[in-house]
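Please consult the sequence and the model displayed below while reading.

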Amino acid sequence: MVTGQVSENPESRFSALLAGAARLPGVRVDRAAYLRTALARHCSEDDVRRAVEETPAAAGIPLEVLDRVANESIRYETAKVSALSAAAGIPGFIAMPATVPADLAQYVGHMLRVAQKLAYLYSWPDLFSTDNDDLDDATKGVLTLFFGVMFGTQSANAAVGKVAEAMSKQVAKKLPQKALTQGVVYPIVKKVAGYLGVEMTKQTFAKSVSKAIPLVGAAVSGGLTFATFRPMSRRLKTHLSGLELAKPVGGQVITGEVIKNEDLQAADEAKIPKPGREWRVVRRR
């Protein structure tokens with residue numbers, strides 16, 4: 001009886017799905033390796049090194065650059081998950097019991113991948129800092145909130161903002177364990193997990209219907225995945241990029257070039273407009 005009740009609990013259902021997806025091969029993104037590869041084409045070696053050792057914000061990398069890299073990662077993950085979803089829809093009705101759960105698991109796995117990439121670009125710490133297959137409570141909590149943002153829940157937006165604010169004040173390089181497991185954010189995590197459990201059930205049903213007809217089901221399933229995954233990823237990107245945690249420090253951008261703080265006087269003499277914020281792009285005439 002107890003097992004049956006737990007399996008019907010939306011919160012427990014989502015937590016189990018999240019934990020299972022996190023164990024899939026290739027789901028966990030190496031923060032340092034990703035930042036080096038993603039930023040190498042857009043930033044100097046020194047900026048990349050500092051972004052890895054500290055954060056992209058501490059390295060002074062402008063949001064315009066981070067947004068460009070984020071869009072590249074979103075396009076890559078969207079194309080990959082859509083292709084896999086379409087492939088899972090080819091067998092049709094006969095293979096549905098096997099393909100639908102697998103498709104949902106890999107879908108959540110790619111949500112985890114894109115969430116990690118966006119988090120690292122916008123100066124969140126390593127979410128999987130250990131080799132342990134099991135998620136710790138803080139990581140599970142922040143990933144649940146990220147998923148909540150992707151699904152458009154306002155409570156998740158507010159909670160992510162609170163966590164980011166706590167990290168900014170503490171200048172911490174790890175997630176605030178207490179806030180995510182005991183503080184005011186924790187009840188929101190539980191509420192969002194329950195909501196996501198219900199939404200994931202709806203998605204499972206939708207994907208089951210889309211796979212009923214061979215070949216046709218592949219196109220519908222791939223299209224459905226594409227139509228949902230990209231907007232959700234962009235929603236998370238928009239929210240994370242707007243947080244104080246993501247704002248660059250220590251420099252300014254003039255036509256893509258970094259002007260150090262000590263060069264401000266020279267910039268004034270050249271009659272370059274003073275920026276209203278720490279970073280601003282000024283076009284050459």
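The predicted model holds three aromatic pairs. Tyr107 and Phe229 form one of them, in an edge-to-face arrangement with 5.9 Å centre to centre and 80° between the planes. This pair links distant parts of the chain, since Tyr107 belongs to helix α6 and Phe229 to helix α11 (residues 216-241), 122 residues apart.

**Aromatic pairs**

- Tyr107 is buried, its relative accessible area being 1%.
- Phe229 is likewise buried, with a relative accessible area of 0%.
- Trp124 and Phe146 also form an edge-to-face pair, for which the centre-to-centre distance is 5.2 Å and the angle between the planes is 80°.
- Because Trp124 sits in the loop between α6 and α7 while Phe146 sits in helix α7, this pair ties together parts that are 22 residues apart in sequence.
- Trp124 has a relative accessible area of 1% and is therefore buried, the cut-off being under 20%.
- Phe146 is buried as well, at a relative accessible area of 0%.

**Nonpolar core**

- The largest nonpolar core comprises 70 residues, of which Leu39, Trp124, Leu145, Phe146 and Phe147 touch the most other members.
- Helix α6 supplies the largest share of this core, with eleven residues.
- Beyond its neighbours within four places in sequence, Phe146 is in contact with Ala115, Ala119, Trp124, Leu127, Val160, Leu236 and Leu240.
- As general background, nonpolar side chains tend to be buried together in soluble globular proteins.

**Arg113 in helix α6**

- Arg113 is found in helix α6.
- Is Arg113 buried or exposed? Its relative accessible area is 14%, so Arg113 counts as buried under the 20% cut-off.
- The side chain of Arg113 makes a polar contact, at 3.0 Å, with the side chain of Glu77.
- When neighbours within four places in sequence are left aside, the residues in contact with Arg113 are Gly26, Val27, Val29, Tyr76 and Glu77.

- Ser123 occupies the loop between α6 (96-121) and α7 (137-150).
- What is the phi of Ser123? The value is near 75°, which is positive in a residue other than glycine.
- For context, most residues other than glycine have a negative phi.
- Ser123 is buried, with a relative accessible area of 4%.

**The chain as a whole**

- The secondary structure of the protein chain comes to twelve helices and two strands.
- In sequence order, these elements follow the pattern α-α-α-α-α-α-α-α-α-α-α-β-β-α.
- The protein chain has 285 residues, of which 46% count as buried.
- Among contacts between residues at least 6 apart in sequence, 77% join residues at least 24 apart.
- The accessible surface of the protein chain amounts to about 14600 Å², and 57% of that surface belongs to carbon and sulfur atoms.

Definitions and conventions:
Residues numbered from 1 in each chain as written. Heavy atoms only, no water. Helix = DSSP H or I, 4+ residues; strand = E, 2+ residues; numbered from the N terminus. Buried < 20%, exposed > 50% of the residue type's maximum accessible area, 1.4 Å probe, protein only. Polar contact = N/O pair within 3.5 Å; in protein donor to acceptor, adjacent residues only side chain to side chain. Contact = heavy atoms within 4.5 Å. Areas by Shrake-Rupley, 256 points an atom, 1.4 Å probe, with all protein chains shown as cover. Phe/Tyr/Trp six-rings, centres within 6.5 Å; stacked < 30°, edge-to-face > 60°. Core = buried A, V, L, I, M, F, W, Y, C linked by side-chain atoms within 4.5 Å.
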